[in-house]
Amino acid sequence: MKIFKNLYDYRELLKTSVKKEIRGKYKNSFLGVLWSFLNPLLQILVYAIVFPLILKNNEKNYVIFLCCGLIPWTFFSTAMTRAAFTMIENGNIIKKVYFPREILPISIVTSEAINFLISTLIIIAFVLVYGVGITRFMLYYPIIFIVQYILILGISFIVSSITVYVRDLQHLISVALQLLFYATPIVYNANTIPENFKWVLNLNPMTYVINAYRDIFYNQVAPDVKALLIVALVMIVICVIGYIIFNKLQKGFAEEL
Amino acid sequence: MQENSKDTIIVEDVYKTFNVYMDKANTIKEKLMFFKRNKKEKRQVLKGINLQIKQGEAVALIGVNGSGKSTLLKLMTKIIYPNKGKIITNGKLTSLLELGAGFHPDFSGRENIYFNASIFGLTKKEIDERLDNIIEFSELGSYIDNPVRTYSSGMYMRLAFSVAINVNADILLIDEILSVGDQHFQEKCFNKMKELKEQGKTMVFVTHSMESVKNLCDRAVWLYEGKIRMDGNTEEVVNEYIKVTT
């Protein structure tokens with residue numbers, strides 16, 4: 001429970017570092033924060049052109065289908081990559097001042113979450129452009145978002161603290177993310193996967209998150225709340241374990257960095 | 001010393017060992033390939049320190065280089081943790097181990113005040129209240145809105161010190177930085193610290209300047225090879241220390 005008191009006491013630090021993360025990311029670029037909008041948009045365009053050509057998929061409105069997978073995935077993968085670097089990046093402060101170290105991964109995940117919220121506008125824009133329309137199922141959005149946030153936070157705790165001791169993890173993560181990209185139904189539909197590979201998708205928590213987003217925006221049905229709740233429960237457990245690991249490892253940060 | 005004041009810092013039988021790697025392997029590959037070379041040497045820096053510091057005391061840690069003074073201070077701030085023993089601190093704590101840790105060179109002095117003070121755990125409202133005091137104390141004037149990278153090292157230190165001293169912490173830990181700025185600013189810092197002491201703040205200094213120790217502290221702790229060699233009245237400890245080391 002100490003974490004909540006810490007976060008409350010240091011809320012100003014959390015706020016300024018989230019702001020710094022968002023602003024610092026596109027500092028010195030001509031278009032500034034607009035990039036957090038343009039980046040995913042351009043990425044979607046690239047995929048939307050390439051994948052229909054090589055994959056013979058029959059998804060109608062493929063762009064919306066793609067958005068629902070790619071945008072949550074970007075949230076996941078950028079948060080992971082940056083969480084792996086954050087301790088090393090901030091080594092200087094860690095060695096000299098005390099502050100609750102968990103602020104660092106939390107502000108990374110939160111700033112990426114804000115980026116994600118902005119990018120959601122892209123999904124909504126495409127939904128409107130393609131004339132699919134807004135439905136009441138989109139009210140499930142906050143629930144799915146919270147589940148995803150907890151998921152990413154839990155893994156970030158683990159990743160950010162272990163990289164301090166094992167620097168290889170930084171590089172492993174980028175490879176693992178590439179592999180995971182194809183093991184998540186982002187560019188394809190989960191149902192088109194051969195039966196004997198299904199278990200890979202079923203073990204991947206991001207599958208449930210992306211399927212849920214797809215249900216509310218693309219299929220326009222209620223998401224599988226039961227599956228989502230199970231993922232949420234598992235993720236809360238992982239988040240707690242992650243925090244315990246983090247707390248153990250953070251005691252040695254100043255000496256290892 | 002005040003009557004019936006309680007302990008604000010309690011150091012209980014603290015041991016600290018550092019692993020000193022001859023050639024540190026950071027990656028798995030290096031760890032596997034050169035695991036023979038991966039010899040580490042344990043260096044015991046603190047060997048059973050016991051110390052109680054009461055509220056309102058100003059304590060100086062003195063000793064030759066490598067005696068463990070800075071390590072003890074870092075342990076008190078919770079930047080590092082002891083291998084054995086316990087350290088308890090009561091109250092809000094600010095440390096000045098290195099001036100301007102966490103300053104962002106591209107941001108203005110004013111923005112850095114916010115950032116630096118928030119690292120010390122202040123809220124926006126609290127910083128707003130102190131902002132004028134901090135700027136005034138730093139004597140930076142209109143430079144406060146320039147990016148910190150354009151500051152001279154003296155200005156940099158003045159800003160950092162002004163933030164730290166205005167945080168209003170109950171405990172102040174200061175490592176060898178009494179040499180801030182010019183004569184005039186040094187005196188000002190000195191007076192400010194005396195003022196804080198009178199307000200009942202607890203302070204711990206690490207310093208080699210015996211002059212400032214005598215001026216500011218009422219108690220001195222002499223560390224020698226990771227143990228407390230002498231603890232008591234400043235005058236006595238400092239005189240003994242000077243006698244032995246020179």
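Predicted model: local features only at pLDDT ≥ 70, side-chain atom pairs only at ≥ 80, totals over all residues.
Modeller: Residues are numbered from 1 along each chain as its sequence is written, and side-chain values use heavy atoms, with hydrogens and water left out.

Colleague: Why is Arg149(B) called exposed?

Modeller: Buried means under 20% relative accessible area, exposed over 50%, and partly exposed in between (1.4 Å probe, protein chains only). Arg149(B) has 54% relative accessibility, so Arg149(B) counts as exposed.

Colleague: What makes Asp106(B) partly exposed?

Modeller: The relative accessible area of Asp106(B) is 34%, so the label is partly exposed.

Colleague: How do you know that the side chains of Arg149(B) and Asp106(B) meet in a salt bridge?

Modeller: A salt bridge is a side-chain nitrogen of Lys or Arg within 4 Å of a carboxyl oxygen of Asp or Glu. For Arg149(B) and Asp106(B) the N to O value is 2.9 Å, and the pair is a salt bridge. The two residues are 43 residues apart and link distant parts of the chain.

Colleague: What makes the pair Glu240(B) and Lys243(B) a salt bridge?

Modeller: Here N to O is 3.7 Å, and the pair is a salt bridge. Glu240(B) and Lys243(B) are 3 residues apart in helix H8 (residues 234–245) of chain B, so about one helical turn separates them. Lys243(B), at 61% relative accessibility, counts as exposed, whereas Glu240(B), at 29%, is partly exposed.

Technical notes
Chains lettered and ligands numbered in written order. Helix = DSSP H or I, 4+ residues; strand = E, 2+ residues; numbered from the N terminus.
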